[in-house]
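Student: I would like a close look at one part of this protein, the aromatic pair and the surface around it. Please set it in context.

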Amino acid sequence: MSRHPTMGRLSRGQTKSLSSIACLAFVGVMGVAFWAGAVWIANTLIQLLS
């Protein structure tokens, strides 16, 4: 069974753009989590050393 080439391209393009957006969102969440952890560790060290 053959598919229409235009429909195949559209579905692949939409999936790729959605996965790209999901990847960017994941990287953003991981970046926020990293910096929140860094601030928490720094705050804990400042409290322990003062």
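Student: What percentage of the 50 residues in the protein is buried?

Tutor: Buried residues make up 2% of the 50. Buried means under 20% relative accessible area, exposed over 50%, and partly exposed in between, with a 1.4 Å probe and protein chains only. This is a predicted model: local features need pLDDT of at least 70, side-chain atom pairs count only at pLDDT 80 or more, and totals for chains, interfaces and linings use all residues. Residues are numbered from 1 along each chain as its sequence is written, and side-chain values use heavy atoms, with hydrogens and water left out.

The secondary structure is 1 helix and 0 strands. Helices are DSSP runs (H or I) of at least four residues, strands (E) of at least two, numbered from the N terminus.

Now the pair. The structure holds 1 aromatic pair. The ring centres of Phe 34 and Trp 35 are 5.1 Å apart and the planes stand at 80°, so the pair is edge-to-face. Rings of Phe, Tyr and Trp (its six-membered ring) pair if their centres lie within 6.5 Å; planes under 30 degrees apart are stacked, over 60 edge-to-face, the rest tilted. Phe 34 is exposed at 53% relative accessible area. Trp 35 is exposed too, at 57%.

Next, helix H1. Residues 5-49 form this helix, and Ile 41 is found in it. Ile 41 is partly exposed, at 47% relative accessibility.

Finally, the whole surface. The protein exposes about 4900 Å², by the Shrake-Rupley method with a 1.4 Å probe; for residues, only the protein chains shown count as cover. Carbon and sulfur atoms supply 74% of that area.
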